[in-house]
Amino acid sequence: MYIRKGDISDLKDVAKIAEAAWESIYEGYRAQLGDEIFNVFYSNWREDKPSSVCKAIESGEWNLFVTEKAGYILGFITIQMDKSKKVGVIGNNAVDINWQGHGIGSAQYRYVLNFMRDEGIEYIKVTTGLDDAHAPARRAYENVGFSRSLSSVTYYMELKDK
């Protein structure tokens, strides 16, 4: 298993991993919001999420790294860096659902943290959810040293019956 810089030729595999990895997250959203509000905001998530990940990489705004074993992509991670401010951001990242729980996510985080450190980055942030589906991601971030956080909540409201 090794981690390498990804490129456009990896996007088909990245999109497939993204869709499968976010399945439980979006099902959790559906359970919390109910079908009607979920469908208003997230009905096309199966196309939208993978597409947004790929478009961010294609635009050059995000750098892609992939974890590969025997020619098979097991996971991916995206980062941004502002070298003038010495600030980095970990963006979308996921591990193939068949390989989750094997330390691949943590290995990807350690890899990009070292990469950004070597590039002169001194401060890094990552954003994740507080729901149960994001618990493995939170644990992995904490395992590699993230310790300060801000809590957030997104509210939804239906106006048509008010």
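**Entry 1: Trp22.** I looked up what Trp22 touches, counting contact as heavy atoms within 4.5 Å. Setting aside neighbours within four places in sequence, I found Trp22 in contact with Trp45, Lys49, Phe76, Asn92, Asn93 and Ala94. A note to myself: this is a predicted model, where local features need pLDDT of at least 70, side-chain atom pairs count only at pLDDT 80 or more, and totals for chains, interfaces and linings use all residues. Residues are numbered from 1 along each chain as its sequence is written, and side-chain values use heavy atoms, with hydrogens and water left out.

**Entry 2: the cores.** Next I looked up nonpolar cores, meaning sets of buried Ala, Val, Leu, Ile, Met, Phe, Trp, Tyr and Cys residues joined through side-chain atoms within 4.5 Å; buried is under 20% relative accessible area with a 1.4 Å probe, protein chains only. The largest has 20 residues, and Trp22, Phe76 and Ala94 are among those with the most contacts inside it. Helix α1 gives the most to this core, six residues. Apart from it I found another core of 15 residues, including Ile3 and Val144.

**Entry 3: the sheet.** Helices (H or I, at least four residues) and strands (E, at least two) are DSSP runs, numbered from the N terminus. Strands pair if DSSP finds at least two bridges between them. I saw five strands in an open, mixed sheet, ordered β1-β2-β3-β4-β5. Its edge strands are β1 (2-5) and β5 (123-126), each pairing on one side only. Between β3 (residues 72-82) and β4 (residues 87-95), which run antiparallel, I found seven bridges. One partner I looked up: Ile79 is bridged to Ile90 in β4.

Key: Buried < 20%, exposed > 50% of the residue type's maximum accessible area, 1.4 Å probe, protein only.
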